Amino acid sequence: MNKQKVILMGLIVASLSVNTIAQDCYSYNGPALDLQLHKFRYMKIGDLQSDTDKANTSFEMWDDYAVCIQNEGNVAIYEVVGEEAKKRGQFSMAGYTKSNRLGSASFGTQFFAKSDKFPLLFIGEAQSCDRENTKATIFVERLNNNMQSSTLVATIHFNYSEKQGINTLLWAIDRQNNCLYGFANTSFNQHRVLKFKLPQISTKKSKKPQTIVLTNKDLIENYLLEDTCPHFKNKTGKGLLVLNGLLFIVSNQPLSMLHVWDLNRHVMRNSIDLGEIMQNSATDCAGYYGNLMIQSQNGFYKIIFDE
């Protein structure tokens, strides 16, 4: 396990062309921004332990539990105990198919029943499988308390326009404001931010999952990130988190980076190089008691920001 380490992130700002010129010193040629000096510590919490060889694409946290999801829909649940992550369950989610190309996971604001340990989990396709002429699907899964299975209670479909140029689409829930955000990597190497009201999920027991269809008419916001931050072009988003009006974006091409996008002002707050931390490419991030947890292909890393 890595010891806690202090890294001074001097002059690390929002750009996709940040070049290292000396240790802890960076040059930046992008637009002028309000720069902040950041210090953070990190520690590796534990290794991922999967019985399959599929890539780990996303994860989410609730209390001390980390829910890790692989491409087709294999799920592993870990409990963080101190500085270790212990696996408590592994199963295939109810919406599992070999054709799934899953890319995001986010807990919602609803519990299916008062006795449930976890709120409903929204698991989004990164690439569409064109189910029933829909172009993007989110599976809403109820994780059973034994952490050995789940139930599909709803599917959300977004019928976007071809003109929007969406290639892959990640989803994240803003639980503080009851909103659903989409972050699209487009065919013209730019990134589209989409904002919806978070759909209400029926908690009535039914033999068939509820179906919800979203269209462009349901959009609250729809804009290109590059409209105000052109230097983000050509990056590929891998994981998302919405917290306190900020969109945290994990990317790993060519380096593992954590970008912080201000959803209210439409400006990039910061871009943080995770390369010194990650032994493998970063895939996703989640909030954890006021800190961040980053998932890579080999384990979890707790990021502790200092004032």
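## Close-up views of a predicted model

**View 1. Cysteine 285 and cysteine 68 in the predicted model.** Cysteine 285 has a relative accessibility of 1% and therefore counts as buried, the cut-off for that class being under 20%. Cysteine 68, with a relative accessibility of 3%, counts as buried too, because its value also falls under 20%. A disulfide is a covalent bond between the sulfur atoms of two cysteines. In this predicted model the number of disulfides is 0.

View 2. Strands of a sheet pair through backbone hydrogen bonds, either parallel or antiparallel. β12 runs antiparallel to strand β11 (residues 137-143), to which 7 bridges join it, and parallel to strand β16 (residues 210-215), to which it is joined by 6 bridges.

View 3. On the β16 side, histidine 157 stands opposite valine 213. The hairpin formed by β11 and β12 has 6 residues between the strands, and in this hairpin methionine 147 adopts a positive phi near 60 degrees.

**View 4. The largest nonpolar core and another core apart from it.** The largest nonpolar core comprises 24 residues, of which Phe122, Phe158 and Ile201 touch the most other members. Two or more residues are given to this core by each of β11, β12, β13 (166-174), β14 (179-186), β15 (191-197) and β16. Another core, of 18 residues, lies apart from the largest one and includes Ala126, Phe183, Tyr223 and Ile249.

**View 5. The open sheet of β5, β6, β7 and β8.** This open sheet has 4 strands in the order β5-β6-β7-β8, and their pairing is antiparallel. Its edge strands are β5 (56-62) and β8 (84-92), each of which pairs on one side only. When direction is ignored, neighbouring strands of the sheet are turned against each other by 20 degrees on average.

**View 6. The pairing of β7 with β8.** Strand β7, which spans residues 74-81, pairs with β8 in the antiparallel sense over 8 bridges. Within this pairing, isoleucine 77 has glycine 89 of β8 as its bridge partner. In a regular strand the side chains alternate between the two faces of the sheet.

Methods: Residues numbered from 1 in each chain as written. Predicted model: local features only at pLDDT ≥ 70, side-chain atom pairs only at ≥ 80, totals over all residues. Heavy atoms only, no water. Pairing = 2+ DSSP bridges. Core = buried A, V, L, I, M, F, W, Y, C linked by side-chain atoms within 4.5 Å. Buried < 20%, exposed > 50% of the residue type's maximum accessible area, 1.4 Å probe, protein only. Disulfide = S-S within 2.5 Å. Axes fitted to C-alpha atoms, helices over the stretch in contact; angles between N-to-C directions.
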